[in-house]
Amino acid sequence: MKALVKAKAEPGLWMERRPVPEIGPDDVLIRIRKTGICGTDIHIWNWDEWAARTVPVPLVTGHEFAGEIVELGRNVEGLAIGQRCSGEGHLIGRQSRQSRAGKFHLDPATRGIGVNEQGAFAEYLRLPAFNVVPLPDAIDDEIGAILDPLGNAVHTALSFDLVGEDVLITGAGPIGIMAAAVARHVGARHVVITDVNPARLELAAQVADVTPVDVTKEHLADVKARLRMTEGFDVGMEMSGNQAALDQMVEAMVMGGRIAMLGIPPGKSPVDWSRIVFKAITIKGVYGREIFETWYKMIAMLENGLDVRRVITHRFTVDEFREGFMAMKSGLSGKVVLDWT
Ligand code: NAD
Ligand code: ZN
């Protein structure tokens, strides 16, 4: 089969021929139709310090996918050949207390496809049947291929009650933009999204009914006045990984505000803790998606009017993967989807 492989411990990815994976009794084999390129894949392409420390070589990359089941392990029940599906790319352990309590996303022994284990940028993917998420007809393959990052957005957005609340999202990357669409869908009042990249803010306004703010040009205090907000933002979602953004968020929050943090700062970064303490702010770290509660809620919302399709700005065939990665690296794209059919 064709596969996009981290074949050497240096920048780049290589299209190679690899054997079709053999499945075990509890696995399924998925014929991949569409995949999404993630920021993680860019780290792996660039072979930065995190990637060099984390990713074994050679490795089939990729974890955002949609496809069709073509083979079932002998123990697999409740799934059928021909079933369209996506799936959770985190392969969880079953020994930890959290896992045994059903909080699968908090299992510390989790391994990721396309990061630690053979991934989805290939014609075929082996996946434990447990991880499979069947797709209803209402969700086509390209939306199916971006459910992983949409899940990050949904998990973050549903961390706190948003109904009637004023919401601030820092970082209009694909995940921030999708989180804005979710906040709007579930009934937030004002949804303000910040970035330093005008192209990203323009895209945000195309995808969701939001107030885009370029923080290099406008101060959040002025935005609050413009929106006639007398106090601060009730809920914040940090989705940039940028230290300045978190600082601006803390400053713009209401007393007792709640912040969900998905963005990953590049290293240890200083925080003005006294402001967080005196404002009595709650901060929740957000990792991945809730397995499988986020998937249920996300699919239900997509079946009931949540529309994130415009976040997909580029579509390529898999043979044009280099163009896809370059589009991602440009910082001008939303989601980039590769077609394997
Ligand atoms: P992205 O890099 O595409 O988007 C980040 C955006 O933040 C960019 O558009 C950038 O211009 C913007 N930004 C930079 N400085 C800013 C500032 N001062 N104020 C406002 N915006 C600023 O990332 P993405 O793919 O949308 O992911 C969002 C974040 O979530 C990343 O940090 C990513 O690493 C992280 N992430 C975390 C998890 C998790 O499980 N915790 C999962 C996926 C992604
Ligand atoms: Zn991803």
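Author: Helix 5, residues 147-157, packs against helix 11, residues 293-303, at an angle of about 100 degrees, and their axes lie 9 Å apart. Helices here are DSSP runs of H or I with at least four residues, strands are runs of E with at least two, and both are numbered from the N terminus. The axes are lines fitted to C-alpha atoms, for helices over the stretch in contact, and the angles run from 0 to 180 degrees between N-to-C directions. Helix 5 and helix 11 are therefore roughly perpendicular to each other, a term that covers angles of 65 to 115 degrees. On the side of helix 5 the contact is made by L147, L150, G151, V154 and H155, and on the side of helix 11 by T294, W295, K297 and M298. Contact requires that the C-beta atoms of two residues, placed from the backbone, lie within 7 Å. By class, this contact has 5 nonpolar, 3 polar and 1 charged residues. Ala, Val, Leu, Ile, Met, Phe, Trp, Tyr, Cys and Pro count as nonpolar, Asp, Glu, Lys and Arg as charged, and the others, Gly among them, as polar.

This is a predicted model, in which local features need pLDDT of at least 70 and side-chain atom pairs count only at pLDDT 80 or more, while totals for chains, interfaces and linings use all residues. Residues are numbered from 1 along each chain as its sequence is written, and chains are lettered from A and ligands numbered from 1 in the order in which they are written.

The loop between strand 16 (282-285) and helix 11 holds F292. The peptide bond from I291 to F292 is cis, with omega near 5 degrees. Most peptide bonds are trans, and most residues other than glycine have a negative phi.

Although W47 is not a glycine, its phi is positive, at about 55 degrees. W47 is found in the loop between helix 1 and helix 2, and it counts as partly exposed because it has 18 C-beta neighbours inside 10 Å. A residue is buried with 20 or more other C-beta atoms within 10 Å of its own, exposed with 12 or fewer, and partly exposed in between, the C-beta atoms being placed from the backbone. R228 also has a positive phi, near 55 degrees, and is exposed, with 7 other C-beta atoms within 10 Å.

In helix 12, residues 321-329, the buried residues are F321, G324, F325, A327 and M328. Seen down the axis of helix 12, they fall within an arc of 155 degrees and so line one face of the helix; the arc is that of the directions from the helix axis to the C-beta atoms. Their cover includes helix 1 (39-46), strand 1 (2-6) and strand 18 (335-339). Just after helix 12, G331 takes a positive phi of about 75 degrees.

Ligand 1 has 27 residues around it, of which G171, G173, S240, G241 and N242 come nearest; a residue is near when its C-beta atom, placed from the backbone, lies within 6 Å. Helix 6 gives the most to this shell, with 3 residues.

Conventions. Angles under 35 degrees count as roughly parallel, over 145 as roughly antiparallel, 65 to 115 as roughly perpendicular and the rest as oblique.
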